[in-house]
Amino acid sequence: GIHFVMRFVASNAATTARHALTPRRRQQRHRATTTMTIQVFYWGACKKFWGRGLPIVLALEHSATKYDVKDRDELQGDFGFSFAVPIVKYEDGLSQSQLPSILDVLGEKVGLHGKDFAEKVAVKQLLLDFEDIMQENFAKPCKWTEENQRQDKWFSLLEKRLNANQFLASAEPTVADFHGFMAFELVTSKHGDIDAAKY
């Protein structure tokens, strides 16, 4: 169920996140299997906190794509057509912001966006579903209440997806799973552990 898969993704994601920026990982990145190098710009180069940089780094790590994480100050005020970090700059010089859009494009580039049309559609929807979940939890007051049961509605929807696949959209992890990890880090920090007996 949702508890098992989120815990599995969380354990793999947490392990990846812990090792992502160590000196050893930086050296290994230069021997990665792909030829592109992607630059990720985020607050403090993700050294003090991961924030919205986490799912991007997890996707790059999982796909063995070469990348560098840089502090937003290295942009020297030139955000191009972007308003705020995270900003990803691709090997061809194009850059973009907005996390769901970054994950959508990045997923296509590194092969973490589903194998067929149905999986790709699911990934795109899940990226926005998780954005909704985060916004509902960032809202003051939080939009999840006992009365409206939004938490149960969201968890039931995700449970239905997990009953159909090993991961949220397919048999393999996609960028949607990594975005889900970040969203559920927020959810559990606000609401506590997910009731495994219920979901």
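Tutor: A polar contact is a pair of N or O atoms within 3.5 Å, and within protein one must be able to donate a hydrogen and the other to accept it. Keep in mind that this is a predicted model.

Student: Which side chains make polar contacts with the side chain of histidine 113?

Tutor: One is the side chain of aspartate 104, at 2.5 Å. Another is the side chain of glutamate 108, joined to histidine 113 by a polar contact of 3.1 Å.

Student: Where does histidine 113 lie, and is histidine 113 buried or exposed?

Tutor: Its place is in the loop between helix H4 (99-110) and helix H5 (117-138). Buried means under 20% relative accessible area. Histidine 113 has 1% relative accessibility, so it counts as buried.

Student: What is histidine 113 in contact with, leaving aside its neighbours within four places in sequence?

Tutor: The list is Leu103, Asp104, Gly107, Glu108, Glu119, Lys120, Val123, Lys124 and Val175. Among these, Leu103 and Gly107 in H4 also take part in the packing of H4 against H7, and Val123 in H5 takes part in the packing of H5 against H7.

Student: How should I read the angle between H4 and H7?

Tutor: Angles over 145 degrees count as roughly antiparallel. The axes of H4 and helix H7 (residues 175-191) cross at roughly 150° and come within 9 Å. The two helices are therefore roughly antiparallel to each other, and their crossing is right-handed.

Student: Which residues meet there?

Tutor: Leu99, Leu103 and Gly107 in H4 meet Val175, His179 and Met182 in H7. By class, the residues of this contact are four nonpolar, two polar and no charged.

Student: What is the angle between H5 and H7?

Tutor: Angles under 35 degrees count as roughly parallel. H5 and H7 pack at about 15°, with their axes 9 Å apart. That makes H5 roughly parallel to H7. The crossing of H5 with H7 is left-handed.

Student: Which residues build the contact of H5 with H7?

Tutor: From H5 they include Val123, Leu126, Phe130 and Met134, and from H7 they include Val175, His179, Ala183 and Val187. The contact divides into 14 nonpolar, four polar and two charged residues.

Student: How many residues of helix H3 are buried?

Tutor: Eight of the nine residues in H3 (residues 54-62) are buried, and the helix is mostly covered. The buried residues include Leu54, Pro55, Ile56 and Glu61.

Student: What follows H3?

Tutor: Alanine 64 follows, with a positive phi near 55°.

Terms used:
Residues numbered from 1 in each chain as written. Predicted model: local features only at pLDDT ≥ 70, side-chain atom pairs only at ≥ 80, totals over all residues. Heavy atoms only, no water. Helix = DSSP H or I, 4+ residues; strand = E, 2+ residues; numbered from the N terminus. Buried < 20%, exposed > 50% of the residue type's maximum accessible area, 1.4 Å probe, protein only. Contact = heavy atoms within 4.5 Å. Axes fitted to C-alpha atoms, helices over the stretch in contact; angles between N-to-C directions. Parallel < 35°, antiparallel > 145°, perpendicular 65-115°, else oblique. Left-handed = near helix turned anticlockwise from the far one by under 90°. Nonpolar A, V, L, I, M, F, W, Y, C, P; charged D, E, K, R; others polar.
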